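Biologist: Please guide me through the features of this structure, beginning with the terms that are needed to read them.

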Amino acid sequence: QVQLVESGGGLVQSGGSLRLSCAVSGRFLSINAMGWYRQAPGKQRELVAQVTSGGATNYAPSVKGRFTVSRDDAKGTVSLQMNDLQPEDTAVYYCNLRDATFRVVDYWGQGTQVTVSS
């Protein structure tokens with residue numbers, strides 16, 4: 001089974017930076033996209049950033065210009081560099097791998113907490 005393990009979350013002050021990493025292991029056919037979602041208390045899970053198999057990137061408008069997503073297929077990792085963090089970025093961040101070879105299948109990590117204080 002595919003396993004995604006996030007790391008790098010923590011507590012930072014407003015304006016600080018964190019780098020999240022996700023290690024991928026297990027069996028899958030191909031990667032359509034990899035990226036990060038987040039879910040704050042009482043909120044729906046939302047896409048933060050992703051990179052497609054073709055190399056295109058997508059960002060939530062609220063993080064564009066502050067966050068950068070990158071993937072290293074050789075290492076089996078995807079990372080999220082988060083700069084100028086704001087309290088509204090506080091959430092549990094989940095790594096996501098999408099395999100769309102035959103049908104869309106999403107794999108998720110367990111989540112890592114990011115807390116940004118004022």
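Modeller: Buried means under 20% relative accessible area, exposed over 50%, and partly exposed in between, with a 1.4 Å probe and protein chains only. By that scale Asp 106 is partly exposed at 28% relative accessibility. This is a predicted model, in which local features need pLDDT of at least 70 and side-chain atom pairs count only at pLDDT 80 or more, whereas totals for chains, interfaces and linings use all residues. Residues are numbered from 1 along each chain as its sequence is written, and side-chain values use heavy atoms, with hydrogens and water left out.

Biologist: Which residue forms a salt bridge with Asp 106?

Modeller: Side chains of opposite charge can pair when their charged atoms come close. The criterion is a side-chain nitrogen of Lys or Arg within 4 Å of a carboxyl oxygen of Asp or Glu. The partner of Asp 106 is Arg 98, with the closest N and O atoms 2.8 Å apart. Arg 98 is partly exposed as well, at 25% relative accessible area.

Biologist: How many disulfides does a search of the whole structure find?

Modeller: A disulfide is a covalent bond between the sulfur atoms of two cysteines; the cut-off here is a pair of cysteine sulfur atoms within 2.5 Å. The search finds one. Cys 22 and Cys 95 form it, with their sulfur atoms 2.1 Å apart. Cys 22 lies in strand E3 (residues 18-25) and Cys 95 in strand E9 (residues 91-99), 73 residues apart. The link is left-handed, with -85 degrees about the S-S bond. Both cysteines are buried.

Biologist: Which residues have the most contacts inside the largest nonpolar core?

Modeller: Such a core is a set of buried Ala, Val, Leu, Ile, Met, Phe, Trp, Tyr and Cys residues joined through side-chain atoms within 4.5 Å. The largest has 27 residues, and those with the most contacts inside it are Trp 36, Val 48, Phe 67, Leu 80, Met 82 and Tyr 93.

Methods: Helices (H or I, at least four residues) and strands (E, at least two) are DSSP runs, numbered from the N terminus.
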